[in-house]
There are 2 protein chains.
Amino acid sequence: MPDASITTVPVPLGDRAYEIYVGRGLLQEAGQRIAALGARAAAIVTDEHVGPLYADILARSLQQHGLRTSVVTVPAGEATKCYAFLETVCDAVLEARIERGDLVVALGGGVVGDLAGFAAAVVRRGVRFVQVPTTLLSQVDSSVGGKTGINSRHGKNLVGAFHQPSLVLADTALLDTLPLREMRAGYAEVVKYGLIDDAAFFAWCEKNWQGVFAGGPERNEAVAQSCRAKAAVVVRDEREDGDRALLNLGHTFGHALERITHYNSARLVHGEGVAIGLCLAFRFSASLGLCPVADAERVEAHLSAAGLPTRLNQVAGGCGTVEDLLDAMAQDKKVKGGALTFILASGIGKSFIAPGISVDSVRAFLKDENSA
Amino acid sequence: MPDASITTVPVPLGDRAYEIYVGRGLLQEAGQRIAALGARAAAIVTDEHVGPLYADILARSLQQHGLRTSVVTVPAGEATKCYAFLETVCDAVLEARIERGDLVVALGGGVVGDLAGFAAAVVRRGVRFVQVPTTLLSQVDSSVGGKTGINSRHGKNLVGAFHQPSLVLADTALLDTLPLREMRAGYAEVVKYGLIDDAAFFAWCEKNWQGVFAGGPERNEAVAQSCRAKAAVVVRDEREDGDRALLNLGHTFGHALERITHYNSARLVHGEGVAIGLCLAFRFSASLGLCPVADAERVEAHLSAAGLPTRLNQVAGGCGTVEDLLDAMAQDKKVKGGALTFILASGIGKSFIAPGISVDSVRAFLKDENSA
């Protein structure tokens, strides 16, 4: 099945190795690639937005390749990542008589991928699963790396499993109908990969971002490169004991903003929080004298050009006081031994893990930001 | 801490290796062994029967060794292995600020161990846990091997994780106050290990079972030998892709009986189902000409001497028709491709996996049994 327009990104994780395919038209021919995994049945998990558009296409393709299929549809939105829908999905997967060796297929964005992946991790103590991400955010981030889970009343993603997919099909044509705001939000994660450790990719983004949004070959390249970058980190540190924390660049601030806006997507979506968080991480690094101010300005200029927020005062409805922000950050799950750990940067493409950052220095920085 | 009366059973699972300690008095000194794991905090999970007896003793011992402790108590009984109590326990563990590197400690029987172990597997995508099993059944079976989980409306243990404990403390003195019926039920699993692959241990059981019940050194020996036997199987096949199925000797019939009696412990407890199941597995093997009739009779004689049921007609309230039994068996999760897989034996200590056993031959055997 050689197809010049399809890019393959391997994720070499030993006996959990898998491949990510990136390109236009992967959904229509999904059955062939998924059937190659050798299952007899597939339970498709999708949501109320995505299901009506794509579930039939996927189910038909799977059936054409001999797979018994079923579909369970959950509500769209972050609130679906809860115990009640975990039970709904697990029950549906068992009802579909999915045995070890069979498959759960997640068709949707990050919520569906995280929930369906977690269900796959725990039904019969683990069945295989396939990710068919339908948003830019899930194609470049959540569908790669094996983190699955639901939210707890104590915080996001606090209950879950590391469970690698057996295959990821990122059909970039599905993004043609994605709302612009969601496209931009996903793009913040694309830019993040350049900022972490690939200055050349950041420069490529500055030049080619309009092609990414328009759907040309640049989009495939951006998704594939993001997957390669994430895969490289995940392979080095599958269970987040070290390096993988670099992927949280922009996320300590970003998660705090999401928490303060009560995960209300009308006010802020994850990618917007990340965009502001990336700018804050670079400006914080600059304020500590670790990073050239010019680099922080370049980060802000690019994200702003792509239509993303970059400042605290751009959060709809405001983001509270500095103390509110500090409180929200202290509740982040990446707290170790009580100290705040940040991902900082000494320049574009030069991020690093900085444990033990004092609350006072964060407070001083945020005061400046909040009054800017 | 060399103590001649404490036996150590290693479970050499690579980077998931751990040790099982077996002996009298381990609870009182639990803090020392648990603190050696290097955690800062421990969330104790227990139930309403066990908690009032032992939770304070355990918590005090942990605190004496510098661990911050908390206790969450769930109802006793199989119904607790559900999504709602999974949420209760996960919330309590998060509330106790258990981070990666900290511990969940399961203090109780199989229900508590399975539920707490599953919570440990999924909170923050995995924290470590310690088993302090308080029943004979959990000391010789469920606390060893890393199977954790809850029940689904589709069947028992259908949702869970493989998550190995970091340490198991089997204090055999705790069994002094165990009700005789529970002691007998656990003993069925002890006998099982002899029947699987250790004829000498079965013979030892025939000679020493009264000492096991009475609490002499024979009890420690029986628990330690059972743990050794289970550990050996688990090390060969951690995720039940092959050999580990041998541990299900007696369980295909046993699970069917539990299902038919609606998991009502007033009618049948797990170990009683296993005792009948072991006898059925040996008589079925004999009826197929695979096993000497004398061996099947010896199995029945010993279990009967120890006060365990060995026949279908000993199930309180009856166990339905042969077709009821077959239906219940077909729903067992060990069905692969529709065929029934049994663990049969060619003699005491000579069990083997027999896939593809025809429903007709099981039906014929059960008809004979039911009219016996």
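In this predicted model, A:Val22 has A:Ala170, a residue of β9(A), as its bridge partner. Strands of a sheet pair through backbone hydrogen bonds, and the pairing may be either parallel or antiparallel.

Stepping back from β2 and β9 to the sheet that holds them, one finds seven strands of chain A in the order β1-β2-β9-β6-β5-β3-β4, forming an open sheet whose pairing is mixed. Its edges in chain A are β1, residues 7-11, and β4, residues 68-74, each of which pairs on one side only. On average, and with direction ignored, neighbouring strands of this sheet are turned by 15° against each other.

Helices of chain A pack on this sheet, and two of them can be followed here. Helix α3 of chain A, made of residues 83-95, touches β3 (41-47), β4 and β5 (103-108) of chain A, and the direction of α3 makes about 165° with that of β4(A). Helix α4 of chain A, made of residues 110-122, touches β3, β4, β5 and also β6 (128-133) of chain A, while its direction makes about 170° with that of β5(A).

Another part of chain A shows helices packing on each other. Two packed helices are described by the angle between their axes and by the distance between those axes. For helix α10 (residues 270-287) and helix α13 (residues 359-371) of chain A, the angle is about 115° and the axes lie 11 Å apart. Because angles from 65 to 115 degrees count as roughly perpendicular, α10(A) and α13(A) are therefore described as roughly perpendicular to each other. The crossing of α10(A) and α13(A) is right-handed. Where they meet, α10(A) contributes A:Leu280, A:Arg283, A:Phe284 and A:Ser287, and α13(A) contributes A:Ser361, A:Val362, A:Phe365 and A:Glu369. The residues of this contact between α10(A) and α13(A) divide into four nonpolar, two polar and two charged.

Finally, the relation between the chains can be considered. Chain B is superposed on chain A by a rotation of 180° with 0.0 Å of shift along its axis, at an RMSD of 0.0 Å, and the two copies are thus related as by a two-fold rotation axis. In chain B, the C-alpha nearest this axis belongs to B:Tyr83, at 3.5 Å from it. Of the interface residues of chain B, 100% are also interface residues in chain A, so the copies meet through the same surface.

Terms used:
Residues numbered from 1 in each chain as written. Chains lettered and ligands numbered in written order. Predicted model: local features only at pLDDT ≥ 70, side-chain atom pairs only at ≥ 80, totals over all residues. Heavy atoms only, no water. Pairing = 2+ DSSP bridges. Helix = DSSP H or I, 4+ residues; strand = E, 2+ residues; numbered from the N terminus. Axes fitted to C-alpha atoms, helices over the stretch in contact; angles between N-to-C directions. Contact = heavy atoms within 4.5 Å. Parallel < 35°, antiparallel > 145°, perpendicular 65-115°, else oblique. Left-handed = near helix turned anticlockwise from the far one by under 90°. Nonpolar A, V, L, I, M, F, W, Y, C, P; charged D, E, K, R; others polar. Least-squares fit on C-alpha atoms with pLDDT ≥ 70 in both.
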